[in-house]
Amino acid sequence: GHTSGKKMADADLDAIRARRMAELQAQFGAQGQGQTKQADKQEEERKRHEDMKNSLLSQILEQDARARLNSIALVKPERAKAVEHLLIRMAQTGQIAGKVGEPQLVELLEKFSQQTQKKTTVKFERKRLDLGDSDEDF
């Protein structure tokens, strides 16, 4: 029986492969232990933060607005984050009464993008003024 011999060899190979994998994992596991504890803590902290933010947002936003914000987050994560912070701040300072629907969210996003554009132009203006000032000093 040639066939049984072949099967045995395959099984052995599988066993060897599995053992090798286990050894590798054990090695990496031992090395990473100290770091992962720290990382786990940070990860937990981040998750807690995320959960808190999400539950706050679900209190602030209507379903459709939440969906809109999520889809923005896929394309422009920074912008979505900034808007989330803004929403939470507004809610905490009592600027939002009731839930924010998608139309309101869109309005807010437009305001927000105008603001950020304004901010960048203001920065440029200020730089120019600073340069002007330093010339007079000489």
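Begin by selecting glutamate 84, which is found in helix α3 (residues 77–92). Helices (H or I, at least four residues) and strands (E, at least two) are DSSP runs, numbered from the N terminus. The model is predicted: local features need pLDDT of at least 70, side-chain atom pairs count only at pLDDT 80 or more, and totals for chains, interfaces and linings use all residues. Residues are numbered from 1 along each chain as its sequence is written, and side-chain values use heavy atoms, with hydrogens and water left out.

Is glutamate 84 buried or exposed? Glutamate 84 is buried, with a relative accessible area of 7%; buried means under 20% relative accessible area, exposed over 50%, and partly exposed in between (1.4 Å probe, protein chains only). Next, display Lys53, Leu57 and Leu69, with which glutamate 84 is in contact once its neighbours within four places in sequence are left aside. Contact means heavy atoms within 4.5 Å.

Now show the whole protein. The protein has four helices and zero strands, in the pattern α-α-α-α along the sequence. Of its 138 residues, 17% are buried.

Then select Leu61, Leu69, Val83, Leu87, Val100 and Leu105, the residues with the most contacts inside the largest nonpolar core, which has 18 residues. A nonpolar core is a set of buried Ala, Val, Leu, Ile, Met, Phe, Trp, Tyr and Cys residues joined through side-chain atoms within 4.5 Å. Two or more residues of this core come from each of α1 (2–60), α2 (63–75), α3 and α4 (102–137), and α3 gives the most, with six residues.

Finally, select leucine 61. Leaving aside neighbours within four places in sequence, leucine 61 is in contact with Arg66, Leu69, Leu87, Lys99, Val100 and Leu105.
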